[in-house]
Amino acid sequence: MIFDSKIPLQERLNFFVYVLSRFILSVGSYIYLFAVSYYIMYETGSALYFSINMAISLIVTVALLPFSGLLSDLGNKRKIIITGETLNTLVILGLFVYTIFFDINLAAIYIVTFLNSLIEPFVSNSFQTSITELFHKDRVQKVMGYTSAILSSTVILGPILGGVLFGLLSFNHLILIFLIGFFLSTILDFLLRFDLYYQEEMYEENDHGETGFNKFKKDIRAGFSFIFKSEVFRSLLIIAALINFTTGIVSIFPEKMMIYELEFQPETVGVVNAIAGIGVLVGGITVARIRQFNNPFLIMKRGFFAMAVLCILFLAPLHLGLGMLPNMLLIGLVGIGFTVTFQFINVPLGVFMQLVIPQHIKGRVFSTISLFAMSIMPLGAIIYGYLYDLEIYWAINMITAMMIISIAMVFFNKKLIRASKTMYQEAKTEETEEANTSVAEEDSNEGTALELNPER
């Protein structure tokens with residue numbers, strides 16, 4: 001996209017800055033998360049303590065999602081993002097100072113997780129809802145696909161760096177790297193043009209002519225009302241909640257298996273996680289280069305079936321009695337399978353939502369879906385952490401695989417797939433008509449400078 005002269009220069013600059021900012025932050029995050037994960041698992045030997053850290057993040061995020069969605073719809077997205085990232089930088093700075101005078105401990109990690117979770121929902125939701133204002137809607141699929149592919153290098157590089165640096169540096173040095181990443185990402189976000197495709201009329205429906213608590217209640221309910229009027233989005237809520245309950249199988253089980261059962265060293269764990277990251281690269285490039293989706297929900301259904309098969313294959317290293325190198329390759333290949341599969345679930349869903357949801361309530365709809373999707377995740381994380389400590393791996397993964405197949409069969413039925421396809425095609429048709437109208441207006445006003453709307 002950067003070298004495509006047909007795309008406006010400012011949009012190409014947005015893409016470059018956006019990807020570079022996310023890349024730097026992602027590398028730092030992977031190094032920090034690797035260090036935290038390995039520290040908790042190595043020091044305690046318990047998946048439960050590891051899952052508690054996840055649960056803290058999820059519970060706080062879920063509690064704030066309705067407010068983050070409302071703020072991203074009604075507030076200045078640029079200010080929200082930059083303010084949030086500045087506060088996150090200060091939190092990490094505080095942790096760095098703490099580790100200089102005191103040793104790292106579980107309490108400090110949990111507190112930082114809590115504080116970051118107070119801020120992150122507002123930043124991530126504002127970024128989600130600004131995608132179609134940073135980039136043209138016709139290029140959303142390409143943006144999401146290429147961004148995912150480029151960031152895949154951080155999925156590969158981050159764990160390797162985390163594993164190597166964990167053995168070479170002290171914990172506070174790793175935190176310093178994360179701090180620098182946050183700082184640079186925040187500086188870059190100042191260069192983003194958030195109003196490039198902003199249309200003020202898209203937000204007119206947010207003006208109810210009311211003030212005070214009644215307006216607040218109406219604003220909060222708007223996202224819920226949109227979702228519950230649509231059978232597709234109602235079903236999507238249930239699917240998201242149920243499937244996110246099972247995320248322990250990819251977030252807890254691999255670390256438990258590699259560190260506790262197979263006794264891999266930090267560098268080895270980093271290499272295996274990096275191998276798995278190749279799948280993000282493959283999936284992202286594939287999604288970006290294929291023609292525009294015809295039926296996103298059908299692609300997602302097939303992705304769920306693939307995910308169920310991979311849950312069972314993940315057990316192989318524990319039962320085949322292979323050596324370290326074959327186990328590394330096997331876990332890495334299954335990891336690649338998961339990351340490719342996730343690209344063919346997440347990107348079609350993201351494109352569908354970006355095009356179908358009206359811009360003026362997009363933040364509240366995104367946050368409401370995330371609320372339902374994440375509300376059950378803390379419970380899932382704790383349950384998976386407890387069960388994996390019982391070492392009943394085969395039963396857990398088999399039951400999870402059957403759950404995923406059941407979700408795909410029951411909820412992704414022919415009626416839902418047809419309805420979602422209709423909604424998606426109608427949204428694409430509207431975009432084409434708007435684009436044609438815009439071209440006609442430009443032709444009739446040739447010679448007039450394009451005036452962008454005020455920044456939101």
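Reader: Buried means under 20% relative accessible area, exposed over 50% and partly exposed in between, with a 1.4 Å probe and protein chains only. By that scale, is F127 buried or exposed?

Author: F127 is buried, at a relative accessible area of 7%. This is a predicted model, where local features need pLDDT of at least 70 and side-chain atom pairs count only at pLDDT 80 or more, while totals for chains, interfaces and linings use all residues. Residues are numbered from 1 along each chain as its sequence is written, and side-chain values use heavy atoms, with hydrogens and water left out.

Reader: Which residue does F127 form an aromatic pair with?

Author: F194. Rings of Phe, Tyr and Trp (its six-membered ring) pair if their centres lie within 6.5 Å; planes under 30 degrees apart are stacked, over 60 edge-to-face, the rest tilted. The F127 and F194 pair is tilted, with 6.2 Å centre to centre and 40 degrees between the planes. F127 is in helix α4 (residues 106-134) and F194 in the loop between α6 (171-189) and α7 (212-228), so the pair ties together parts 67 residues apart in sequence. Helices here are DSSP runs (H or I, at least four residues), numbered from the N terminus. F194 is also buried, at 1% relative accessibility.

Reader: How many aromatic pairs are there?

Author: The count comes to 15. Ring pairs also link F226, F233, F297, F304, F352, F412 and Y424 into a cluster.

Reader: F304 again: what does α12 meet in α17?

Author: Contact means heavy atoms within 4.5 Å. K301, F304, F305, M307, A308, C311 and I312 in α12 meet N397, M398, T400, A401, I404, I405, A408 and M409 in α17. By class, this contact has 12 nonpolar, 2 polar and 1 charged residues. Nonpolar covers Ala, Val, Leu, Ile, Met, Phe, Trp, Tyr, Cys and Pro; charged covers Asp, Glu, Lys and Arg; the others, Gly among them, are polar.

Reader: Change of topic. How many residues of α15 are buried?

Author: 12 of its 14, which leaves α15 mostly covered. Among them are K362, R364, F366 and M374.

Reader: And where is V60?

Author: V60 is in helix α2 (residues 47-74), and it is buried, with a relative accessible area of 9%. Leaving aside neighbours within four places in sequence, V60 is in contact with F114, S117 and L118. V60 and P121 are 61 residues apart in sequence but 9.1 Å apart in space, C-alpha to C-alpha.

Notes
Helices (H or I, at least four residues) and strands (E, at least two) are DSSP runs, numbered from the N terminus.
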